[in-house]
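Please prepare a briefing on the local geometry of this model, with the cut-offs stated for each term.

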Amino acid sequence: MESAIKYINKKFPNIDFRGNIQHLTSIQRQKSEVLAATASYYDSFLDVIEFRVIAINFDFTKNYLDLIITYTSVIVTLSRIDDKKALVGMFNCAHEMSNGSSDPSYPRLGQMFVEYEHPWKKLTEEFGPHTRSVTAALVSLNMVYPRRNLPAEQWRSAQLLSLLSAPAAMLEPACCNTVSLPSRHLLYLSLAEGERERKGGIGFLLCHTSLNTNQASQELWKMALRSGLYLTLTRDEVLNIHKVSEDLFDCFKGYSKRIADIKECREHALVNSGAMHRERRHFLRGALKELFKVLEDEPGLLGPKALFVFMALSFSRDEVLWLVRHSENMPKIKTPDDYIDNQMAELLFYMEKLRGLMKKYNHVVQRYHVQYLAQFDALVLNDTIQNIYVCPEEESVLMSSFVSNLSALSVKQVENKEEFDFRALRLDWLRLQAYTSVNKAPLPIKDYTDLAKVMNMIQFHTRMVDSVEELLQETSEVSILCFYPRVFEKMFCQSSEEMTMKRYLMAFPLVCTHFSQCGHPICPEEVKAMEKRSLRLCVTFLEQIAKLTSTVVLEICAEQCNLNDQLQPKHCAETISAARHRKQKKPVPKKGEVQKEKPGAESLRKDRSVVTNVDKMHLMLTELCTCFSLCSDFIVFDHIIVPTEFLLSHLEIRLSEIIVRMANYNQTTQEIARPSDLLTKLRAYTASLHSLSGYINVDVTRLVKSVLLQQTQPLDSRGGPTMTTLYTNWYLESLLRQASNSLIVHCPTMHCFVNQTTDNDPSFRAEEFSDISELQALAELIGPYGLKFLSENLMWHITSQISELKKLVIENMDVLVQMKNNFDKPEEMANLKKRLTGGENVLKRMTIIGVILSFRSMAQDCLKDVMILLKHCPYLMGPIECLRDFISPEDDIKVTLSIFELASAAGYTCDIDPTLVTAIANMQTDNTSVDEEYKLSCLLLAYIAVSLPTLALDPNSLYSREHGGHNNNIHCLATAINQLAAAMFTVQNKNIAQQLKEFLLMASSTLLQLGQNVERMESKNRESIYLLLHMIVEESPFLSQDMLESCFPYVLLRNAYREVYRSFIVTLG
């Protein structure tokens, strides 16, 4: 393809498509693809041809100049497209190969490319015959441009844009000299400074001969050259006007003085223009702020003073566009700071505020100008018409229609919210100007300046009634920033670094709403790209603002959390110690020793001018939150943008990270923060967060609920770990793992776990993580969802133990069947017991299950005790409890389990654990039948029953009155046996009570046999083991004391309790 492009560029436009086919083989092979790829470019070039042949017959100066400058800009921009010949040539080549003939427009297009190889030379030749008319149009700018090009000092001395400078004239309608000129009406207001410079700089290049003959032209031309270095061709395409002018004039004789003028103007622009525009922006920031404050307080002034608003917006837009052009193409000067504005946010902010004010009070503006049109303009126009001596019929009909249309207006139309449309009237005025501006017109408008003055005023007033939005667009849109994203982002970064500018930062994303205006209906294919760019810029700015705000908010929260932590009881030891010894003489502190300050000392200040870090953060928060008040939402390319949602999103992400960080989980050392400490910090954070609603209208409650709800799940919305995951891992890997090895003991008396006394210091104190207050804090942190996740993980460990227990049962199945059938025969039981293996392993695994279930039960109880659910859904808890209590054994097991699942989720204890039932049911496979599972379950209970006597051999099986359990956690067997049996036989749909009764008979029999061996070692902790049997019955909802007494003498239990309690000394004080 490269060879084809080189050949086309070389031979363009006379390309031999038939004779040199070898050069165009690649296009021949891909002619369809080439046609599709280059068609849009070819059509765009054809549009340029069509633009060139429009008949130039405009009677209005502005429209005439617009046409000239737009035409010139198109031609110059076209000349800058390097690949235009290749694109057009490839398209035509593919077209001829596909259709057998060239495109009909190709010769004209090729000829245009050749003619405009050097565009400026050709353009000056074209406009030679039009020098007189172009010069006259350009010189007409002399009435507008000098005033708009004054330095800031003169603006300030004239108190430009100030409504307070003349209080007595505040209610008088604003008037501008521009209005009074017949051919220079208020549309010049929408003529940006860049447009005026374009017209002056480019226009005088096209009719350069007038610069040597017309002094007014020369002065205006110099003024345009001194204002800046670059002119806008289109969007981000700029023209170095001094270089282009100098290069062009070098080609002509007799222009040495003009070249010297160009150099002088360039030096003047380099030295002075940056500073002049900087001062203008400084002036406009103050002027717009004052104007907005006055109009916001008295919106009725928008009627007579609307012109001030449009002037302020127009001036401000000029400065923004100038800075954007020159920042992107900054010259090498000694004062680059003149081209950097770190306060641009304020100017854009008040521009948006004024725009919003005009839209909000549009009805006020309408009401005022409707009355003005009907009660003043119509009367003045009628008087003016009466003074015209000669008036042709057609012109007379038009002017009479003006008067009648205006006289018919009334305030009721505004009150009834009728739609106004004065486009027909303005078009008639355009026609009237056309009739009266031609040579030898019966009614020459130049002789009736009063008519032009009145009609120009009327035209402006009608636009104030029906097209305020359009006027705002003409005077204040800055959509060109869409094509300067680097400059735009740089302005934002510079403003965000200034403390005083943070309150204005929302202006940057709001400016992105202008970008939908920078497209064109004839180029719909670029809309998607512009939409993507606009949304990217808007989202980038909002993300940065939200990031700044969320950082400050969370830093304040962290500071408040630290202050709150100082009030915790764990820090009061020194204060209590000092209070106990306050009567003693206080020792003199050593030199250099700093006394510890009490909490609250940071609030005591002798000098209010001393600013603390918290003061600075609150000030910054106030500034940042103020910027969110600019608007609650806005639209960018049909996308509704809500700024506060970005803030909430950032706060949600950061708060989730902070909560996980405050948990302080270290997987290597297995360290973690106590749940109560984390809950205290979290409460301090949420309390401080709620103060945010005092600065800005955001739903902090929704934010906190969303974050905390995510923390009750295994992963948050971004897939990160949560405190539920961290605490689940820690309790499983640290506390319960040590408890399963008897390093930590379950203590029913204190409802917690405690460390065993050992020579080595424990890594943590178990009671500090498992007592009631800690588990209540855990339940409040992770909630019912988190406890459900914790339960599921606990069940996984339980099912793995059950799988191992089943393997042991299968290994000893024959022996267990015989023992189950002969449990009442001591001699045979003694022989069979010798053949039984793994009894200690069974009890160890059952103890582990018991420990896990005991911990789960404690956590579930705390969920109910902490009143979380009762606080959030008080009217739901009572019915749940009633349903649980009214369930009877005769009910359908599925209904029973459903109600138990509901009750268990609410923290209520149930006879059958639904979570354990589900876990065991999921263990069953297709390889085993229900009968086999039932047999294994029965034999497992038998295995446990006949293995209980072996516990007496373990010295740690001693019952501790202090703990209310055994030192090796075998008291947890009671929980394990009851809950496991209930779950297994529920899954198998068998009678739970019957099976537990059989277990009780076997266990009683084996323990009674233990009592007969008085002198053997295994009877050492016999009394402690007896108590275990009592615990099993006491905890079971399916067994009773009567059943126990029928098979195990109560006197043995009484003696056992007396024996284990005898070793403790009871002190009565």
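**Briefing on backbone, cysteines, helix packing and contacts**

Asn969 is buried, with a relative accessible area of 0%, where buried means under 20% relative accessible area, exposed over 50%, and partly exposed in between, computed with a 1.4 Å probe on protein chains only. This is a predicted model, in which local features need pLDDT of at least 70 and side-chain atom pairs count only at pLDDT 80 or more, while totals for chains, interfaces and linings use all residues. Residues are numbered from 1 along each chain as its sequence is written, and side-chain values use heavy atoms, with hydrogens and water left out.

**Backbone with positive phi**

- Asn969 has a positive phi of about 65 degrees although it is not a glycine, and Asn969 lies in the loop between β8 and α43; helices (H or I, at least four residues) and strands (E, at least two) are DSSP runs, numbered from the N terminus.
- Arg235, which is not a glycine either, has a positive phi of about 55 degrees and is placed in the loop between β1 (230-234) and β2 (237-240).
- Arg235 is partly exposed, its relative accessible area being 26%.
- As background, most residues other than glycine have a negative phi, and most peptide bonds are trans.

**Cysteines**

- With a disulfide taken as a pair of cysteine sulfur atoms within 2.5 Å, the count comes to zero disulfides.
- The cysteine sulfur closest to that of Cys518 belongs to Cys482 and is 4.3 Å away, which is too far for a bond; Cys518 counts as buried, at 10% relative accessibility.
- Cys972 is likewise in no disulfide, since the nearest cysteine sulfur, that of Cys747, is 11 Å away, and Cys972 counts as buried at 0% relative accessibility.

**Packing around helix α42**

- Helix α42 (residues 930-947) and helix α43 (residues 973-987) have axes that come within 10 Å and cross at roughly 165 degrees, where axes are lines fitted to C-alpha atoms, for helices over the stretch in contact, and angles run from 0 to 180 degrees between N-to-C directions.
- The two helices α42 and α43 are therefore roughly antiparallel to each other, given that angles under 35 degrees count as roughly parallel, over 145 as roughly antiparallel, 65 to 115 as roughly perpendicular and the rest as oblique.
- The crossing of α42 and α43 is left-handed, a term that applies if the near helix is turned anticlockwise from the far one by less than a right angle, with right-handed used if clockwise.
- On the α42 side, Tyr934, Ser937, Cys938, Leu940, Leu941 and Ile944 meet Ile977, Leu980, Ala981, Met984 and Phe985 of α43, contact meaning heavy atoms within 4.5 Å.
- By class, the contact of α42 with α43 comprises ten nonpolar residues, one polar residue and no charged residues, where Ala, Val, Leu, Ile, Met, Phe, Trp, Tyr, Cys and Pro count as nonpolar, Asp, Glu, Lys and Arg as charged, and the others, Gly among them, as polar.
- Helix α35 (residues 813-821) also packs with α42, at an angle of about 75 degrees and with the axes 9 Å apart, which makes α35 roughly perpendicular to α42.
- In this second contact, Met813, Leu816, Val817, Met819 and Lys820 of α35 meet Lys935, Leu936, Cys938, Leu939, Ala942, Tyr943 and Val946 of α42, and the residues divide into ten nonpolar, no polar and two charged.

**Contacts between residues apart in sequence**

- His963 is found in the loop between β7 (959-960) and β8 (965-966) and is buried, with a relative accessible area of 13%.
- Leaving aside neighbours within four places in sequence, His963 is in contact with Val745, Cys747, Pro748, Thr749 and Val754.
- Ser162, in the loop between α10 (152-157) and α11 (193-206), is buried at a relative accessible area of 15% and, apart from neighbours within four places in sequence, is in contact with Glu290 and Phe308.
- Ser162 and Ala312 are 150 residues apart in sequence, and their C-alpha atoms are 10.0 Å apart in space.
- Glu394 belongs to helix α19 (residues 393-407) and is partly exposed, with a relative accessible area of 44%.
- Setting aside neighbours within four places in sequence, Glu394 is in contact with Arg431 and Tyr435, while Glu394 and Leu432, 38 residues apart in sequence, are 9.0 Å apart from C-alpha to C-alpha.
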